Amino acid sequence: QAVNRIGGVLQGSMECLALFGAQSMLLLGVVPTCSWTDYSSLQVVLGRDASVLPGSSLVMKPGVISTSNGLAANEQLSILVAAPAFPEAPSVVLEGPATVDVCSPLVLRATASSSRPVLYSWSCYDNDVLDALLQTKSGPTLSLREGTPEMEALDTFYTFAVTVTDFLGTRSEPQSLRVLKQRAPAPVLSLVPPSVDRKAHV
């Protein structure tokens with residue numbers, strides 16, 4: 001239904017402050033922005049640390065909108081937030097070394113695109129025992145201690161994978177990384193600078 005914005009439309013976060021009560025503003029995060037896309041549609045871009053969820057109620061202040069003919073202004077209006085029809089799936093990037101030797105630890109790091117906390121799910125495609133262990137991990141960093149005894153077979157590739165699930169329950173595509181467990185320790189290279197003759201020459 002087309003409506004009339006009483007008092008005129010403001011810009012960005014000021015429009016959100018004019019429309020919504022204090023509790024609703026907390027749900028929308030830090031400095032959300034509000035804009036009318038037409039006479040019946042309000043677009044809200046959430047701010048940092050937003051906590052609104054499907055099923056949350058946003059309360060609009062009384063007297064801020066009216067019918068298009070201006071004859072009736074709203075009383076306090078509660079809007080039930082619905083889940084998006086086509087939620088955008090989060091993405092994830094997986095980083096780590098391509099090899100690990102029998103003396104070194106292994107650390108893999110995943111970074112998600114979501115602005116809200118996500119659930120990380122780890123797996124291993126090549127080893128059922130290691131895969132079962134990774135099912136218990138849910139953080140962005142996967143660490144295996146020195147010697148990586150969980151990777152029992154030597155001179156063998158292990159394929160690690162991670163997915164993330166956001167607050168809407170939308171799951172990312174898996175990202176994978178192959179790591180070679182080497183039998184021999186990696187060589188250590190030390191650089192020794194040349195000596196300098198500090199004797200004064202006359």
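The model is predicted. Its protein chain contains 3 helices and 13 strands. Of the 202 residues in the chain, 30% are buried.

- Among contacts in the protein chain with a separation of 6 or more, 55% are between residues 24 or more positions apart.

- Helix H1 spans residues 12-19, and its buried residues are Glu15, Cys16, Ala18 and Leu19.
- These four residues are on the same side of H1, because they cover an arc of only 165° around the axis.
- In general, an α-helix has 3.6 residues a turn, so residues three or four places apart point the same way.
- The elements that cover the buried residues of H1 include helix H2 (22-28). Strands also contribute to this cover, among them E1 (3-5), E2 (33-38), E3 (41-45) and E4 (57-60).

**The largest pocket**

- The largest pocket holds about 550 Å³ of space.
- Its lining is made up of 26 residues, and those nearest the centre of the pocket are Leu42, Val44, Leu58, Ile79 and Val81.
- Strands E3, E4 and E6 (77-80) each provide at least two residues of this lining. E3 and E4 are also among the elements that cover the buried residues of H1.
- By class, the lining of the largest pocket consists of 22 nonpolar residues, 3 polar residues and 1 charged residue.

**The second largest pocket**

- The volume of the second largest pocket is about 430 Å³.
- A set of 17 residues lines this second largest pocket, and Glu88, Ser114, Ser115, Asp166 and Phe167 are the closest to its centre.
- The lining of the second largest pocket comprises 8 nonpolar, 4 polar and 5 charged residues.

**Ser123 and Phe160**

- Ser123 belongs to strand E10, which covers residues 119-124. With a relative accessible area of 17%, Ser123 falls under the 20% cut-off and is therefore buried.
- Apart from neighbours within four places in sequence, Ser123 is in contact with Asp131, Leu134, Gln135, Thr159, Phe160 and Ala161.
- Phe160, one of these contacts of Ser123, is part of strand E12 (residues 156-165). Phe160 counts as buried because its relative accessibility is 0%.
- Phe160 and Asn127 are 33 residues apart along the chain, and a distance of 9.8 Å separates their C-alpha atoms.

**Residues with a positive phi**

- Most residues other than glycine have a negative phi.
- Val31 is not a glycine, yet its phi is positive, at about 55°. Val31 is located in the loop between H2 and E2. The relative accessible area of Val31 is 56%, so this residue is exposed.
- Thr148 is likewise not a glycine and has a positive phi, of about 40°. Thr148 sits in the loop between strand E11 (141-144) and E12. The relative accessible area of Thr148 is 0%, so this residue is buried.

Notes:
Residues are numbered from 1 along each chain as its sequence is written. This is a predicted model: local features need pLDDT of at least 70, side-chain atom pairs count only at pLDDT 80 or more; totals for chains, interfaces and linings use all residues. Side-chain values use heavy atoms; hydrogens and water are left out. Buried means under 20% relative accessible area, exposed over 50%, partly exposed in between (1.4 Å probe, protein chains only). Contact means heavy atoms within 4.5 Å. The arc is that of the directions from the helix axis to the C-beta atoms. On a 1 Å grid over the protein atoms alone, a cavity is a set of points where a 1.4 Å probe fits but cannot get out, and a pocket is an open set with protein on both sides within 12 Å along at least five of seven lines; lining residues have an atom within 4 Å of a point. Grid points are joined across faces, edges and corners, and a volume is the space filled by probe spheres set on the points. Ala, Val, Leu, Ile, Met, Phe, Trp, Tyr, Cys and Pro count as nonpolar, Asp, Glu, Lys and Arg as charged, and the others, Gly among them, as polar.
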